[in-house]
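Biologist: I would like to go through this model with you. Could we take it piece by piece?

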Amino acid sequence: MWFPRTDSANVHRYRETACGLLGTTRLLGLLRRLDVGSILTPKFGGEAEMFHRKMRLRTATRRILELIIFIISLQAVAFSAAANSPAELTRLELLRLNTLHKVLCASPRLSCSYVDSIFTDSRLTIYQPPAPTPPPGTEPPPSRVRQPNPYLTARFGLLAPESLERCRSFVAAHALAFDAAQKIYGVPREVICGHLRIETDFGIATPLTPYPLGSFPAIDRLVSLYIRRPDSLRSSARFIQRQRFAEMQLADLLMAAKTNNWDLFEIPGSSTGAIGLVQFEPSVFDVAVDGDGDGKIDLFDPEDAILSVAHYLVMHGWDDKVDHQKRAVYAYYGGHYNTDRDKYYMKAVLAYADAARSYLEDHPVDLGAGFTPELLSVSVNSEPAN
């Protein structure tokens, strides 16, 4: 099951910002059109002047009403894009929420009391789920004009020197984990860097991706995916498909949280519930590795993330054959390898790996240098409200 790994919250935030700018522009325009001074300034001079004053007053009143209606409409748009508490759901959404609660409670893998504690937590919030998109490799026949690889655009900056330097400094800070990945799984450090760079940019916040690890809890994202149907999704079968995906991911996420004693509302995730530096969906948590030997798996920990990426690739066919390596890298993103003519993600990871290999040869790793990304905390409480 594939859904785009995009943060729909950012989309709504930009939409609300645009609405705010539009509202400000129109507000200033309306105020410029209001001849308030002429209304308030006393004028005397006969019936004609009185008539004109009344007409100006009527015009001003009408424009003020237009302004009020416009402001109300802006608030309605902002509310429709904002998050909801369960108490603010529609009747149909509330029915779906109760159904999901019962389904998870009935799972033999989960404790119903634990499920209850999650669904009755006041922090549970419903967001707009990602818009439906076709899985890679199943799009309609492409036009004659080939689209460029989005990961290789100048804006993404994948192969820029500063992007390659992030790999070098990350390798320097976690050299033992990269060496272990090479010795145990046979996966080169450059390939692991490629995945971590594209997935979360090593956890570094940038203007392009201010919240690389996700801006809202994964639990909220998956519950939202189950109960809220996008207006643009016309197919009931597709919506049921999304619900099944969310249900499966939620069961795995709750199991992992119970086992590892996580506070789910402190675990940020993507719009489809992927978490950590590696952006693993909950259904693949079983391939995650305790890379630093502390007895627990933490996908926000660099050592665990490095070894987990290598283990994932091996579990998906990585060996010494180039074709198998390509398929393993492709599997990380998901899709249909044989029908996807573009394979943008796979090509981008391998292009970064090749560039990083050359960069590391020209700029040897200084094992004495340290590097800690600024945004590696699993907490979302400190992030600005959206």
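Biologist: Is Asp201 buried or exposed?

Modeller: Asp201 is buried, with a relative accessible area of 6%. Buried means under 20% relative accessible area, exposed over 50% and partly exposed in between, with a 1.4 Å probe and protein chains only. This is a predicted model, in which local features need pLDDT of at least 70, side-chain atom pairs count only at pLDDT 80 or more, and totals for chains, interfaces and linings use all residues. Residues are numbered from 1 along each chain as its sequence is written, and side-chain values use heavy atoms, with hydrogens and water left out.

Biologist: Where is Asp201 found?

Modeller: Asp201 is in the loop between helix H8 (189-200) and strand S1 (216-217). Helices (H or I, at least four residues) and strands (E, at least two) are DSSP runs, numbered from the N terminus. Asp201 also has a positive phi of about 55 degrees, although it is not a glycine. Most residues other than glycine have a negative phi.

Biologist: Which residue other than glycine has a positive phi near 60 degrees?

Modeller: That is Asn261. Asn261 sits in the loop between H10 and strand S2 (268-269). Asn261 is exposed, at a relative accessible area of 70%.

Biologist: Changing topic, how many helices and strands does the protein chain have?

Modeller: The protein chain has 13 helices and two strands. Of its 386 residues, 45% are buried. Among contacts between residues at least 6 apart in sequence, 72% join residues at least 24 apart; contact means heavy atoms within 4.5 Å.

Biologist: What about H4 and H9, at what angle do their axes cross?

Modeller: The axes of helix H4 (residues 91-105) and helix H9 (residues 218-227) cross at roughly 120 degrees and come within 9 Å. Axes are lines fitted to C-alpha atoms, for helices over the stretch in contact, and angles run from 0 to 180 degrees between N-to-C directions. H4 and H9 are therefore oblique to each other. Angles under 35 degrees count as roughly parallel, over 145 as roughly antiparallel, 65 to 115 as roughly perpendicular and the rest as oblique.

Biologist: Which residues of H4 and H9 meet?

Modeller: From H4, Glu93, Arg96, Leu97, Thr99 and Leu100 meet Val223, Tyr226 and Ile227 in H9. By class, this contact of H4 with H9 holds five nonpolar, one polar and two charged residues. Ala, Val, Leu, Ile, Met, Phe, Trp, Tyr, Cys and Pro count as nonpolar, Asp, Glu, Lys and Arg as charged, and the others, Gly among them, as polar.

Biologist: And which residues of H4 are buried?

Modeller: The buried residues of H4 are Glu93, Arg96, Leu97, Leu100, His101, Leu104 and Cys105. They pack against helix H5 (112-119), H9 and helix H10 (236-260).

Biologist: On to H7 and H11, how are their axes placed?

Modeller: The axes of helix H7 (residues 175-185) and helix H11 (residues 302-315) come within 9 Å, crossing at roughly 20 degrees. That makes H7 roughly parallel to H11. Ala177, Phe178, Ala180, Ala181 and Tyr185 of H7 make the contact with Glu303, Ile306, Leu307, Ala310, His311 and Val314 of H11. The contact of H7 with H11 has nine nonpolar, one polar and one charged residues by class.

Biologist: At what angle do the axes of H7 and H8 cross?

Modeller: The axes of H7 and H8 cross at roughly 115 degrees and come within 9 Å. Phe178, Ala181 and Gln182 of H7 meet Arg189, Ile192 and Cys193 of H8 there. The residues of this contact of H7 with H8 divide into four nonpolar, one polar and one charged.

Biologist: Last one, is Phe170 buried or exposed?

Modeller: Phe170 counts as buried, at 0% relative accessibility. Phe170 is in helix H6 (residues 161-173). The C-alpha atoms of Phe170 and Cys193 are separated by 8.3 Å, and these residues are 23 apart along the chain.
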